[in-house]
Amino acid sequence: MEKRKLPHGNEELSVLGLGSASLQNANEDEIKAIIKEALKNGINFFDLCAGGASVYKPFGEALKENNNEVYFQLHFGAVYKKNGEYEWSRNLKRIQETFAWEYKLLGVKTIPFGFLHCIDDENDLEEIQKNGILKYVVSLKNQGLIKHLGFSSHTPAVAHKLLDIGIMDMMMFSINAAYDFEQGDDYGIGSLEERSNLFRRCEAEGVGISVMKPFNGGQLLSERTSPFKKALSKEQCLAYVLDRPAVLSAVPGVRSLNDLKDLLHFLNASKSEKDYSLISQFSAPKLLGNCVYCNHCEPCPAGIDIGLVNKYYDLSLAGDKMAHNHYSKLKIKAENCLSCGHCNQRCPFKVEQMERMHKIAEYFAS
């Protein structure tokens with residue numbers, strides 16, 4: 001299991017995480033079995049939101065039986081009805097009561113990640129400030145009950161305003177090829193440029209991203225429901241989101257142990273199984289000439305990691321001061337380009353990579 005380090009901390013999160021939204025119909029024994037199996041296979045990052053009240057007790061029990069470090073997101077604004085069904089609230093008292101109940105069931109001293117829940121428009125941002133919710137969550141961090149602050153959103157413009165506050169370590173955002181290329185549903189907010197700029201800002205400022213909806217609610221997995229009229233595999237969807245700037249972990253949901261085992265195939269999938277370059281067939285008008293870091297152009301005869309070189313270049317242009325440092329540590333750089341044209345011939349997005357390598361080499365040299 002690959003792990004990625006949180007820039008504002010020392011935590012290393014598994015790239016494949018687990019959401020709980022689909023667990024509400026499973027019984028406590030099965031929920032606990034799913035969590036234990038996930039832990040056994042190297043998953044150490046979980047999102048505890050929208051799965052219903054039944055998730056917390058078995059999750060807390062699984063944590064007690066596990067010797068390794070486990071990280072999870074707790075959402076302030078996600079609350080539960082008397083029957084355990086999920087809903088959300090901007091009522092401070094109810095949020096405080098929910099947290100007290102969650103904290104007791106989880107049995108931990110410190111919540112790894114405390115998230116402001118579903119801040120999708122200006123009114124949401126105003127409410128959490130006016131109702132004292134933001135102040136409350138910050139106070140929990142100051143008391144040591146929360147280690148890292150974050151938020152979940154679907155809206156780039158609002159996400160930028162939360163980042164402007166300057167206290168966020170993580171952002172949970174909806175990312176998939178349909179949303180990024182403006183072929184999604186109501187949650188796929190923002191243009192390709194707006195979304196790309198948000199992800200690059202997060203990378204530049206050290207704010208990690210956890211990804212919700214990597215399969216577009218399952219729609220991308222079926223030719224019948226895909227907005228592209230072509231299906232992607234789970235492996236392709238996960239590989240795509242993990243290549244976006246600042247992404248640390250994807251947290252798809254599962255309904256059963258069988259779903260989890262199906263998801264875990266990603267860990268042993270071949271490079272060809274993860275190759276998502278076929279998105280060029282239905283997104284070419286927006287992507288022509290733009291590198292999406294898919295590395296379909298590999299293998300480079302000179303050994304250049306072309307996708308990574310492009311990513312560091314784009315991040316540096318976006319203001320990431322660490323991108324030059326990361327680039328400088330590469331053993332094989334853009335300057336080693338042989339001008340053979342191999343990459344140009346293979347790029348499904350018609351990027352002039354050979355010309356771009358020379359441009360990138362000049363940029364970093366200066």
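Which residues in H2 meet which residues in H3?

Modeller: The model is a predicted one, and the description below should be read accordingly. On the H2 side the contact comprises Tyr-56, Lys-57, Phe-59, Gly-60 and Leu-63, and these meet Trp-101, Glu-102, Leu-105 and Leu-106 in H3. Sorted by class, this contact of H2 with H3 has 6 nonpolar, 1 polar and 2 charged residues. Two packed helices are described by the angle between their axes and the distance between the axes. For H2 and H3, the axes cross at roughly 40° and come within 8 Å.

Helix H2 spans residues 56–65, and its buried residues are Tyr-56, Pro-58, Phe-59, Gly-60, Ala-62 and Leu-63. H3 (92–106) is one of the elements that cover them; the cover also includes helix H1 (28–40) and the strands S4 (45–48), S5 (71–76) and S6 (78–80).

S4 pairs with S3 in the parallel sense over 2 bridges, and Phe-46 in S4 is the bridge partner of Leu-18.

The sheet to which S4 belongs is open and is formed by 8 strands with parallel pairing, in the order S3-S4-S5-S8-S9-S10-S11-S12. S3 (18–19) and S12 (247–250) stand at the edges; each has a single partner strand, so one side of each is left without a neighbour in the sheet. Further along the order, S10 is joined to the parallel strand S11 (residues 208–212) by 5 bridges, and Phe-173 stands opposite Val-211 in S11.

Helix H6 packs on this sheet, where it touches S8 (111–116), S9 (146–153) and S10, and the direction of H6 makes about 155° with that of S9. H6 (residues 156–165) also packs with H4 (residues 122–130), at an angle of about 30° and with the axes 9 Å apart. The two helices H4 and H6 are therefore roughly parallel to each other. H4 contributes Glu-122, Leu-125 and Ile-128 to the contact, while H6 contributes Val-158, Lys-161 and Leu-162. By class, this contact of H4 with H6 has 4 nonpolar, no polar and 2 charged residues.

The loop between S8 and H4 holds two residues of interest, Cys-118 and Asp-120. Most residues other than glycine have a negative phi. Cys-118, however, has a phi near 55°, a positive value in a residue other than glycine. Asp-120 counts as buried because its relative accessibility is 17%. Leaving aside residues up to four places away in sequence, Asp-120 touches Ser-153, His-154, Thr-155 and Val-158. Val-158 is also one of the H6 residues in the contact with H4. The C-alpha atom of Asp-120 is separated by 29 Å from that of Tyr-312, 192 residues apart along the chain.

A further loop joins strand S10 (170–174) to helix H7 (177–180), and Asn-176 is found there. Asn-176 is buried, with a relative accessible area of 0%. The side chain of Asn-176 reaches the backbone oxygen of Lys-213 at 2.8 Å. Beyond residues up to four places away in sequence, Asn-176 touches Lys-213, Pro-214, Asn-216, Leu-220, Tyr-240 and Val-241.

With 9% relative accessibility, Ala-246 counts as buried.

Ser-270, finally, has its place in the loop between helix H10 (257–263) and helix H11 (271–274). At 30% relative accessibility, Ser-270 counts as partly exposed. The side chain of Ser-270 makes a polar contact with the side chain of Ser-272, at 3.0 Å. Ser-270 and Leu-134 are 136 residues apart along the chain, and their C-alpha atoms are separated by 44 Å.

Methods. Residues numbered from 1 in each chain as written. Predicted model: local features only at pLDDT ≥ 70, side-chain atom pairs only at ≥ 80, totals over all residues. Heavy atoms only, no water. Helix = DSSP H or I, 4+ residues; strand = E, 2+ residues; numbered from the N terminus. Buried < 20%, exposed > 50% of the residue type's maximum accessible area, 1.4 Å probe, protein only. Polar contact = N/O pair within 3.5 Å; in protein donor to acceptor, adjacent residues only side chain to side chain. Contact = heavy atoms within 4.5 Å. Axes fitted to C-alpha atoms, helices over the stretch in contact; angles between N-to-C directions. Parallel < 35°, antiparallel > 145°, perpendicular 65-115°, else oblique. Nonpolar A, V, L, I, M, F, W, Y, C, P; charged D, E, K, R; others polar. Pairing = 2+ DSSP bridges.
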